[in-house]
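Subject: Structure handover

Hello,

Here is the structure I said I would pass on. My notes on what turned up in it follow below.

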Amino acid sequence: MKNFVITIGRQFGCGAHEIGTKLAEKLGVPYYDKEIIKRASKESGFDENLFHFYDEKPTRSFLFNVSTDGLVPMGNSGLSLEDQIIQYQFDTIKKVASEGNCIIVGRCAEYILRERKDVVSVFLHADDEYRMNRVINDYGIVPKNAAKEIKAMDKKRAKFHNFYSDDRWGDASTYDLSINVAKLGIDETVELIANYISAKF
């Protein structure tokens, strides 16, 4: 099988973490979600809490165009702290993708890696009832807060993605696969993506 990188965009409550980890195990590749934050923090020297605070949040002033040639050197960039945090995350995404086959969740990865020919972009979505059940039963969110939490997280992710990408978050035409997890379930979604990877590479 040729080299590949799978990026996963997701609505909140679709089970992306479970799908991503099961898929990584099945394919025998590394899985990166919060691991991006940990690595970016370690390599940048910035406190990890800063990366969590700005995680998938658009900054107020970030104006650079993400390119495949690498990002602006930190020492003379003149970027604000929040911009530097985001830039380190994007740089880390490029680094892990260059190291070999992997799965990367969120953080605009499909756009950051858009020039690579070995990227398969996936978007996971589901109906409100399915997501409500998951966030209540699996994520431990209080039922009365579930709908509000889902809406807030989706809004945050969409705003971040649309701020840095030319494509619209969740637009099926901009992804290789757009999967309704509620129709297939977790394990069948994993199988579908794995079969697609096998057919393509």
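This is a predicted model: local features need pLDDT of at least 70, side-chain atom pairs count only at pLDDT 80 or more; totals for chains, interfaces and linings use all residues.

Gln87 lies in helix α4. Buried or exposed, where does Gln87 fall? With a relative accessibility of 2%, Gln87 counts as buried, because the cut-off for buried is under 20%. Between Gln87 and Ala40 there are 9.4 Å in space, C-alpha to C-alpha, although the two are 47 residues apart in sequence.

Ala40 leads on to helix α2, which covers residues 34–44. Its buried residues are Ile36, Ile37, Ala40, Ser41 and Ser44. Around the helix axis they take up an arc of only 125°, so they sit on the same side of α2. The cover over these buried residues includes β2, α3 (48–54) and α4 (81–98); α4 is also the helix that holds Gln87. Directly after α2 comes Gly45, with a positive phi of about 90°.

Ala16, Ile19, Gly20, Leu23 and Ala24 are the buried residues of α1. Viewed down the axis, they fall within an arc of 130°, and so they line one face of the helix. Among the elements that cover them are the strands β1 (5–10), β2 (31–32), β3 (102–105) and β4 (119–125), along with the helices α8 (181–184) and α9 (186–200). The residue that follows α1 is Gly28, whose phi is positive, near 70°.

How do α1 and α9 pack? Their axes are 9 Å apart and meet at an angle of about 50°. That angle makes α1 oblique to α9. The crossing of α1 past α9 is right-handed. On the α1 side the contact is made by Glu18, Ile19, Lys22, Leu23, Lys26 and Leu27. On the α9 side it is made by Ile186, Asp187, Thr189, Val190, Glu191, Ile193 and Ala194.

Strand β4, one of the elements over α1, contains Val120. Val120 has a relative accessibility of 0% and therefore counts as buried. Which residues does Val120 contact, leaving aside its neighbours within four places in sequence? They are Val5, Ile6, Thr7, Asp176, Tyr196, Ile197, Lys200 and Phe201.

Finally, the chain as a whole. The protein chain has 9 helices and 5 strands. Starting at the N terminus, the order of elements is β-α-β-α-α-α-β-α-β-α-α-β-α-α. The chain has 201 residues, of which 49% count as buried. Among contacts in the chain with a separation of 6 or more, 72% are between residues 24 or more positions apart.

Regards

How values were computed. Residues are numbered from 1 along each chain as its sequence is written. Side-chain values use heavy atoms; hydrogens and water are left out. Buried means under 20% relative accessible area, exposed over 50%, partly exposed in between (1.4 Å probe, protein chains only). Helices (H or I, at least four residues) and strands (E, at least two) are DSSP runs, numbered from the N terminus. The arc is that of the directions from the helix axis to the C-beta atoms. Contact means heavy atoms within 4.5 Å. Axes are lines fitted to C-alpha atoms, for helices over the stretch in contact, and angles run from 0 to 180 degrees between N-to-C directions. Angles under 35 degrees count as roughly parallel, over 145 as roughly antiparallel, 65 to 115 as roughly perpendicular and the rest as oblique. A crossing is left-handed if the near helix is turned anticlockwise from the far one by less than a right angle, and right-handed if clockwise.
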